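Biologist: I would like to go through this model term by term. Please give the cut-off behind each label.

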Amino acid sequence: MTAMGKLEKREALAGYLFILPWVCGFLVFVLFSLVMAFYTSLTDWNLLSPARWVGFANYNAVLHDDLFWKSLRVTLIYVCTSVPLGIALGFSMALLLNQKVRGLSFWRLVYYFPAVLSGVAVSLMWIWVFNPDFGIVNLALSLFGIPGPGWIADTHWALPSIVVMSLWGAGGGMIIYLAGLQGIPTELYEAAQIDGASVWKKFSFITVPMMTPVIFFNLIMGAISGFQVFTEAYVITGGGPDNATLMYGLYLYMNAFKYFKMGYASALAWILFLIILAITSLLFATSRRWVFYADGGDRS
Amino acid sequence: MTTSRRNLLSRIVIYGILTIGAVIVCAPLWWMITTSVKPLADVFLFPPEIIPSRFRWDNYADVFRLLPFGRYFLNTLLIAVFAVAGSSFSSALVGYGFAKLRFPGSQALFMLMLGTIMIPYYTTLVPQFIMYRTFGWLNTYLPLIVPSFFGTPFYIFLYRQFFRNIPRDYNEAAIIDGCGYWRTFIRVILPMSIPVVNVVAIYAFNGVWNDFLGPLIYINSEKQRTIQLGINALRGLHTVEWGLLMAASVIALVPTVLIFFFLQRKMIQGVVVSGVKG
């Protein structure tokens with residue numbers, strides 16, 4: 001052990017004291033909770049009678065539970081559509097706004113605004129917007145002579161409706177992309193101009209590579225939060241019709257707080273954790289191939 | 001000549017797309033707001049009225065008459081005051097520790113902290129519920145407030161990014177002058193960091209105000225409902241009275257909207273700091 005000077009020791013002690021709130025929170029809310037969740041997942045427990053040890057029976061039951069597979073499928077479809085579409089939409093809007101448009105702060109305000117709104121109020125708004133007979137979406141479609149579907153009341157359209165809702169908030173990503181675009185050094189474009197590069201070449205060889213770290217950040221955060229969608233599913237559809245929007249979080253909530261199957265819900269919780277861990281690891285593994293770090297790989 | 005014509009054309013296309021996009025973005029809000037002032041009979045007109053022909057402002061008064069929304073507002077505000085203060089301050093402490101103080105294991109602990117962002121809220125939900133139940137905290141606001149005093153990884157990250165850009169000299173000068181680390185943090189660093197404190201406070205407020213799952217699990221008594229539980233309850237009672245429901249939704253969104261319009265520049269700054277430099 002290297003001897004630390006008195007000042008260094010004091011600084012280190014202060015450092016530990018400053019991060020102490022997080023360390024305590026980590027020990028209780030993360031480490032202890034993860035262990036307890038795992039322990040609970042090995043029991044049969046309805047909160048009223050004492051927990052009964054069942055080993056891995058809950059995990060076995062989960063794997064044979066049609067609703068688990070249904071909810072996993074629904075959630076995966078949701079994540080795999082809403083996240084890439086949200087990135088594409090946000091990125092396109094940022095590209096448009098980066099074309100030296102007038103009134104930039106106005107457009108930015110309008111597009112960003114929906115991203116800050118959330119909660120039950122927004123979900124209620126969408127129920128009414130998607131109302132098949134009296135809603136504004138089908139009214140707008142009817143102006144073009146298109147008969148609108150039943151949206152949230154229709155088994156096939158309910159999940160796409162929730163994806164559309166999520167895209168309404170794509171302006172949140174747009175703000176980040178716009179700032180990223182404005183941070184790309186103009187010398188790069190000037191050099192390409194001298195070399196006679198076309199607009200498309202500049203876009204695909206400068207803009208996109210320079211933006212990949214930002215896109216990657218949004219991809220990771222979007223995937224993590226996409227797996228945890230709750231309010232929309234609970235308020236708008238309650239998981240229906242016919243479980244078409246049974247999001248994983250909703251199914252877990254129902255098991256824990258409606259059926260009081262704490263062990264089963266904990267098994268679902270651990271499986272969700274492992275899925276998210278696997279997906280983020282996979283994304284990080286592929287990132288070496290496509291994410292470009294201009295500063296040579298310092299990812300702090 | 002041709003380039004300027006092409007230029008004009010591309011301008012028209014750009015502004016055209018931007019305008020159509022803005023209309024699409026605003027349409028749901030327009031629909032919510034106009035419905036909120038329609039009498040019930042006009043809500044179910046076919047074809048629907050885009051601009052209301054009759055106004056019934058009493059929808060808003062009815063919201064407060066049917067359920068004590070004033071009380072729900074205050075309840076949520078009470079949680080918000082403590083939770084916002086708690087997470088803004090505790091996250092600042094931790095962020096400062098990670099950004100400015102050297103101690104063994106600091107890098108590894110910081111990475112561990114970022115890693116916890118990957119842990120879904122649901123994974124620790126059941127043990128936390130059981131813990132609060134053991135403490136006798138169900139039907140109190142404590143489960144919604146206390147965890148915020150232990151730092152929030154995302155806010156800690158924001159603070160750390162900001163503190164790192166404050167020159168070390170400030171820190172060292174203060175410490176050599178005999179200020180302890182604590183006083184340096186309170187007297188020197190924190191006053192320089194008001195912009196990031198604001199950003200974190202705004203995020204934290206919006207988070208508390210719009211949280212639905214937390215109150216849904218921990219609050220059962222009608223008197224203690226938060227604003228989100230309140231609208232959800234109203235919807236359970238008046239399923240088809242959309243004028244009323246939209247009025248309640250507008251009311252619930254007012255604080256977020258006010259904050260947005262007054263502080264949007266700061267919010268945008270915060271998004272940029274977290275997203276681009278991350």
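Biologist: Which residues in helix H6 (residues 125-135) of chain B are buried?

Modeller: Leu125(B), Val126(B), Pro127(B), Gln128(B), Phe129(B) and Tyr132(B) are buried. Buried means 20 or more other C-beta atoms within 10 Å of the residue's own; 12 or fewer is exposed, anything in between is partly exposed, and C-beta atoms are placed from the backbone. Helices here are DSSP runs of H or I with at least four residues, strands are runs of E with at least two, and both are numbered from the N terminus. This is a predicted model: local features need pLDDT of at least 70, side-chain atom pairs count only at pLDDT 80 or more, and totals for chains, interfaces and linings use all residues. Residues are numbered from 1 along each chain as its sequence is written, while chains are lettered from A and ligands numbered from 1 in the order in which they are written.

Biologist: What do the buried residues of H6(B) pack against?

Modeller: In chain A, they pack against H1, helix H12 (248-257) and helix H13 (262-290). In chain B, the partners are helix H7 (142-145) and helix H12 (213-218). Just after H6(B), Gly136(B) takes a positive phi of about 75°.

Biologist: How many residues of chain A are in contact with chain B?

Modeller: 72 residues of chain A are in contact with 72 residues of chain B. Contact means that the two C-beta atoms, placed from the backbone, lie within 7 Å. Helix H1 (residues 6-41) of chain A gives the largest share of the chain A side, 19 residues. By class, that side has 56 nonpolar, 14 polar and two charged residues. Ala, Val, Leu, Ile, Met, Phe, Trp, Tyr, Cys and Pro count as nonpolar; Asp, Glu, Lys and Arg count as charged; the others, Gly among them, count as polar.

Biologist: Which members of the largest nonpolar core touch the most other members?

Modeller: Leu268(A), Ala269(A) and Tyr159(B) do, in a core of 132 residues. A nonpolar core is a set of buried Ala, Val, Leu, Ile, Met, Phe, Trp, Tyr and Cys residues joined through C-beta atoms within 7 Å. Helix H4 (residues 69-100) of chain B gives the most to this core, with twelve residues. Leaving aside neighbours within four places in sequence, Ala269(A) is in contact with Ala37(A), Leu252(A), Tyr122(B), Thr123(B), Leu125(B) and Val126(B). A second, separate core of 19 residues includes Tyr111(A), Ile176(A), Phe216(A) and Val291(A).

Biologist: Why is chain B called more spread out than a compact globule?

Modeller: Its radius of gyration is 24 Å, well over the 19 Å that the globule rule gives for 278 residues, so chain B is more spread out than a compact globule. The radius is taken over C-alpha atoms, and the rule is 2.2 Å times the number of residues to the power 0.38. The C-alpha atoms of chain B fill a box of roughly 75 × 75 × 35 Å along the principal axes. Chain B has 14 helices and zero strands. Buried residues make up 43% of its 278 residues.

Biologist: Which domains does the assignment give for chain B?

Modeller: Domain 1 (2-59) and domain 2 (66-276). The bounds come from an automatic or database domain assignment. The C-alpha centres of the two domains of chain B lie 34 Å apart. Ten residues of domain 1 of chain B are in contact with eight residues of domain 2 of chain B.

Biologist: What makes Asp242(A) count as exposed?

Modeller: Asp242(A) has 11 C-beta neighbours inside 10 Å, so it counts as exposed. It has a positive phi of about 55° although it is not a glycine. Asp242(A) lies in the loop between H11 and H12 of chain A. Pro241(A) is in the loop between helix H11 (231-237) and H12 of chain A. A cis peptide bond joins Gly240(A) and Pro241(A), with omega about -10°. Most residues other than glycine have a negative phi, and most peptide bonds are trans.

Biologist: Why is Asn139(B) called partly exposed?

Modeller: Asn139(B) has 14 other C-beta atoms within 10 Å, so it is partly exposed. Asn139(B) lies in the loop between H6 and H7 of chain B. Its phi is near 65°, a positive value in a residue other than glycine.
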